[in-house]
Amino acid sequence: MRKLLLALAAASAIASPALAADTVTVAVTAIVEHPALDACRDGVKDALAEAGYKDGENLTFVYESAQGNPATAAQIARQFIGEAPDVIVPISTPSAQAVVAGTRDIPVVFTAVTDPVGAKLISNTEKPGGNVTGLSDFSPLDDHLALIREISPDAKTIGIVYNSGEANSVALLEGMRSRVEAAGLELVESVATKSAEVQGATRALVGKADVIYIPTDNTIVSALEAAVKVAEENDIPLYAGDTDSVPRGALAAVGFNYHDIGVQTGQIVARVLKGEKPGDIAVKVAAGTNLIVNPGAAERMGVEIPQAVIDRANTVVK
Amino acid sequence: MSEIAFWGAVELGLVYAFVGLGVYLSFRILDFPDLTVDGSLPLGAAVAAVLILAGVAPWPATLAAMVAAGCAGLVTATLNVKFKILHLLASILTMIALFSINLRVMGRPNVAIINEPTVLTPFYGLGLSDYLVRPAVLLVFVAIAVVLLTAFLGSNFGLAMRATGANARMARAQGIRTQFHIYAGIALSNALVGLAGALFAQTNGFADVTAGVGTIVVGLAAVIVGETLLPSRRIALALIGCVIGSVLYRIAIQLALSADVIGLKASDLNLATAVLVAVALILPRLRKGGRA
């Protein structure tokens, strides 16, 4: 047994690749693979290519998914730290925490984290200090609520379907609640902890909510079609927090898509690669105000999108 | 695999060794497939993290985590023993209930303790690098647990527990209160799993409500890999087998993570894990196959 362990240790020492001086390594890890997070990863790669770092030429781009398991995320973090890449890019809260807890030297640029201060990744967004910076994907909730009120002006109660087990979603729920109440409306929440529960959770809002809002929640978005079906059957307008969900059947959304978030993250990574200290780069909330509408979905949900909104939209789903 | 990754895998293997020991108690000693562990591991992490954040010293916080997880085990045992619910189902009920309870305990899905004191804090900065300190200290914790458990299972109380699992009717005929031993065994098993959760939170800087996914698989893998490598009737060796199994399981995952060369992708990890456990399960049967 001891021999085997020693042999493994020795083999690992030899197998560690020596990094050539003129190439840089960027290691990306996500808690789970799904379209939004994958788009985010691809955005990072695209932005790096734009900045002159091309995968396979002067860039080694490494990617690992924790397949939904925080213990695996911790292991991936150790693996990356051991390989000492130039920058580590953790996507999502648990992946970022595992990386940040493990290193004080290797630059870390987190992304798709809704509340980086609450997650203790940084203590200060303006000047994070140390080796950590990144991008928050906190949704532009004011814009979301404004869009809902513009298309559904008579709505008094807003239903929200989310997974109470996702840190990001809970932060968004609280943000939405304060805005909805400030506007004199009522918020009704419904919880699904796995994708199989999305249909039931949406159905629970029928009769209680005038419109349904789906935040950028990994669980709900992965089963969006189930929620859309309930909305169409009961003539309830269903809005999304991310633009990627609109072609899949949501009525409308305003905000960023995850490829954009990846691109904005990649731009920060490029600044770090060019020599800036992560601790000097302020943590920003992802920018993006793309408006995307789906008139077909609106019709199936018994609503009409005002012409003014359609005229202003960046994308109209056919 | 780099040195840090290797020692990181050893460290995580030693943390999950407590899961292996717990699952050995429930699954092998008591013959009770207990899925409560998928909930009691994050419960242990949650209780320890929340208390440490509230200013409680790390050791009392860790003990509280063990007690909380042990209570979760008692719930499962009560559902099974007192209300006659099938053990598997009883543990599933507790497990799903714990998801909500863990959210209540933490108040949110994820609690970070990245810069808080932990049970390992006193050992940092003694000359060794942090990534070596953690497995070294954890190895001491695990060794203590193995010694205590060996003594426990060799005591009259422990022998009665083993008899309960081996043949409950025979045990009852000998005057053993089998129900009491199921309560005690499942509580102790989950307390060990809660300890693993508390240590996970402290070595990785966060407790997350999703951290329990697949804990039972990891525990079974540790037990079975251990039994395959160290086939022995002696309790001490079986327990050491669990520890070695847990560490080897993590090293195997680490290899799967670094196995891009043989064409494995990030998304193949769960498949690689399942194949590893299946091979460990099949190997002993193949060995026996010649005789049967």
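E225(A) is partly exposed, at 40% relative accessibility (partly exposed lies between buried, under 20% relative accessible area, and exposed, over 50%; 1.4 Å probe, protein chains only). The model is predicted: local features need pLDDT of at least 70, side-chain atom pairs count only at pLDDT 80 or more, and totals for chains, interfaces and linings use all residues. Residues are numbered from 1 along each chain as its sequence is written, and side-chain values use heavy atoms, with hydrogens and water left out.

The side chain of E225(A) forms a salt bridge with that of R248(A), at 2.9 Å from N to O (a side-chain nitrogen of Lys or Arg within 4 Å of a carboxyl oxygen of Asp or Glu). E225(A) lies in helix 9 (residues 224–233) and R248(A) in the loop between strand 9 and strand 10, so the pair ties together parts 23 residues apart in sequence (helices, H or I, at least four residues, and strands, E, at least two, are DSSP runs numbered from the N terminus). R248(A) is partly exposed, at 29%. Over all chains, the count comes to 15 salt bridges.

Another bridge joins K45(A) and D55(A), with the closest N and O atoms 3.4 Å apart. K45(A) sits in helix 2 (residues 35–50) of chain A, and D55(A) in the loop between helix 2 and strand 2 (59–65), 10 residues apart. K45(A) is partly exposed at 31%. D55(A) is partly exposed at 41%.

D42(A) and R41(A) also meet in a salt bridge, at 3.2 Å from N to O. D42(A) is partly exposed at 32% relative accessibility, whereas R41(A) is buried, with a relative accessible area of 16%.

How values were computed:
Chains lettered and ligands numbered in written order.
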